[in-house]
Amino acid sequence: MKCAACGGNDLVYEERDVEYRYGKGVVVLAGLEAGYCPDCGEIMMKRDEAERYVTATRKLRVEVNTSVVSPRFIEIVRKKLGLNQAEADTVFSQPAGAFLAYERGIRPVPPLLVQLLKVLSNHPELLNEIDSPVIYPKQDWRSSYKQG
Ligand SMILES: [Zn+2]
């Protein structure tokens, strides 16, 4: 079967140890049974292996994202400021759905926002100093976010 991604070569079906990196984290999926493209590196998995891959990589991303700041901290400060998640997105000029993602650990919190929330945690009255937030147009942040 030709690679669906690049259409170049026939996939090689075998078990390989596949390394997945996210930020400073790494997880190895041992013996991942899949079709591997020798040209572009695409991996075509059957459903059960795809689920194993998705579960392991999601777990790693949450671990990396929550190692910088606890999602619970974000939620506590947001509630201390009297904001719901959508209001927090707006006030802190974040894309729609960002605080939901931060509080679930599925998206890294921008370092500058972490610093700001730490200050506001100790001085919630300073929220009044934040005005005229930049309102981002509705966007799908998943496609614009690059992991690093
Ligand atoms: Zn390919």
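How many helices and strands does the secondary structure of the chain come to? The secondary structure comes to 6 helices and 3 strands, where helices (H or I, at least four residues) and strands (E, at least two) are DSSP runs numbered from the N terminus. This is a predicted model, in which local features need pLDDT of at least 70 and side-chain atom pairs count only at pLDDT 80 or more, while totals for chains, interfaces and linings use all residues. Residues are numbered from 1 along each chain as its sequence is written.

**View 1. The order of elements along the chain.** From the N terminus on, the elements run β-β-β-α-α-α-α-α-α. Of the 148 residues in the chain, 17% are buried, a residue being buried if 20 or more other C-beta atoms, placed from the backbone, lie within 10 Å of its own.

View 2

View 3. Strand 1 (residues 12-22) pairs with strand 2 (residues 25-36) in the antiparallel sense over 10 bridges. Within strand 2, valine 26 is the bridge partner of arginine 21, and valine 27 is that of tyrosine 20. The hairpin has 2 residues between the strands, and glycine 23 takes a positive phi near 55°.

**View 4. The hairpin of strand 2 and strand 3.** Strand 2 is joined by 3 bridges to strand 3 (residues 43-45), and the two run antiparallel. Glycine 35 has methionine 44 of strand 3 as its bridge partner. Between these strands lie 6 residues, and glycine 41 in the turn has a positive phi of about 85°.

**View 5. The crossing of helix 2 and helix 5.** The axes of helix 2 (residues 71-80) and helix 5 (residues 111-122) come within 10 Å and cross at roughly 50°, the axes being lines fitted to C-alpha atoms over the stretch in contact, with angles from 0 to 180 degrees between N-to-C directions. Ile74, Val77 and Lys80 of helix 2 make the contact with Leu117, Leu120 and Ser121 of helix 5, residues being in contact if their C-beta atoms, placed from the backbone, lie within 7 Å.

Methods: Two strands pair if DSSP finds at least two bridges between them. Two residues are in contact if their C-beta atoms, placed from the backbone, lie within 7 Å. A residue is buried if 20 or more other C-beta atoms lie within 10 Å of its own, exposed if 12 or fewer, and partly exposed in between; C-beta atoms are placed from the backbone.
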